[in-house]
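Me: Could you walk me through this model with a few questions and answers? I have the sequence and the structure ready to look at.

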Amino acid sequence: MTGPASPERDGLLAALGAQRASVLAIVSDLDEASWRSSVVPSGWTPLGLLEHLGGAERLWGQVVLGGRVPPRSRPHAAEAGEEETGEEPSGFVSDREVDDVLTSYRDQCAQTDLVLEGLALDDRPPGVRHPDLPTPVTDVRDVVLHLVEETARHAGHLDIARELLDGRTGLGPR
């Protein structure tokens, strides 16, 4: 089952896909040190920001759109011996392997896309009453717009970080 096709739906999903592709293009071929380096006073790293984006896909795609119970922790917390608090580390840093974060991000995006296939933009997502949502939403359209905005915002952050790390600019589809 797929949600009804429309120019609006097609455009929103294309925008989301383009922003995700930009994120991945911007961070492609970063060296290990750059993945884990911060170039901003708040201390976030490209790896931590990508992990955060995977968490956003999980929250909005699986919890809000899919109605799944939110995990008590990040998916890898138990493996890393971390306490299960349900919170991401502050500052968007990560000690995970780069390939694991990339794989997880791609997987979370694919899971969100699968959930979206069965929903119309006007549908009310089953997880919309989640008490900790940072942005109020009423329908699938609001969730997709939020994911586009969040991904685009952080693609911009990553773009600037990349330039500061190694001077590369203009990466990714435009």
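Reply: The buried residues of H4 are Val98, Val101, Leu102, Ser104, Tyr105, Gln108, Cys109, Thr112, Val115 and Leu116; buried means under 20% relative accessible area, exposed over 50%, and partly exposed in between, with a 1.4 Å probe and protein chains only as cover. This is a predicted model in which local features need pLDDT of at least 70 and side-chain atom pairs 80 or more, while totals for chains, interfaces and linings use all residues. Residues are numbered from 1 along each chain as its sequence is written, and side-chain values use heavy atoms, without hydrogens and water.

Me: Which exposed residues sit on the face of H4 turned away from its buried side?

Reply: Helix H4 covers residues 98–117, helices being DSSP runs of H or I with at least four residues, and strands runs of E with at least two, numbered from the N terminus. The face turned away from the buried side of H4 carries Asp99, Thr103 and Leu114.

Me: Is Leu30 buried or exposed?

Reply: Leu30 is found in the loop between H1 and H2. Beyond its neighbours within four places in sequence, Leu30 is in contact with Trp35, Pro46, Arg162, Leu165 and Asp166. The relative accessible area of Leu30 is 11%, so Leu30 is buried.

Me: How far apart are the C-alpha atoms of Leu30 and Val98?

Reply: Val98 is one of the buried residues of H4. Along the chain, Leu30 and Val98 are 68 residues apart. Their C-alpha atoms are separated by 9.9 Å.

Me: What is the relative accessible area of Val39?

Reply: Val39 lies in the loop between H2 (32–35) and H3 (46–65). Val39 is partly exposed, because its relative accessible area is 31%.

Technical notes:
Expected span 1.5 Å × (residues − 1). Contact = heavy atoms within 4.5 Å.
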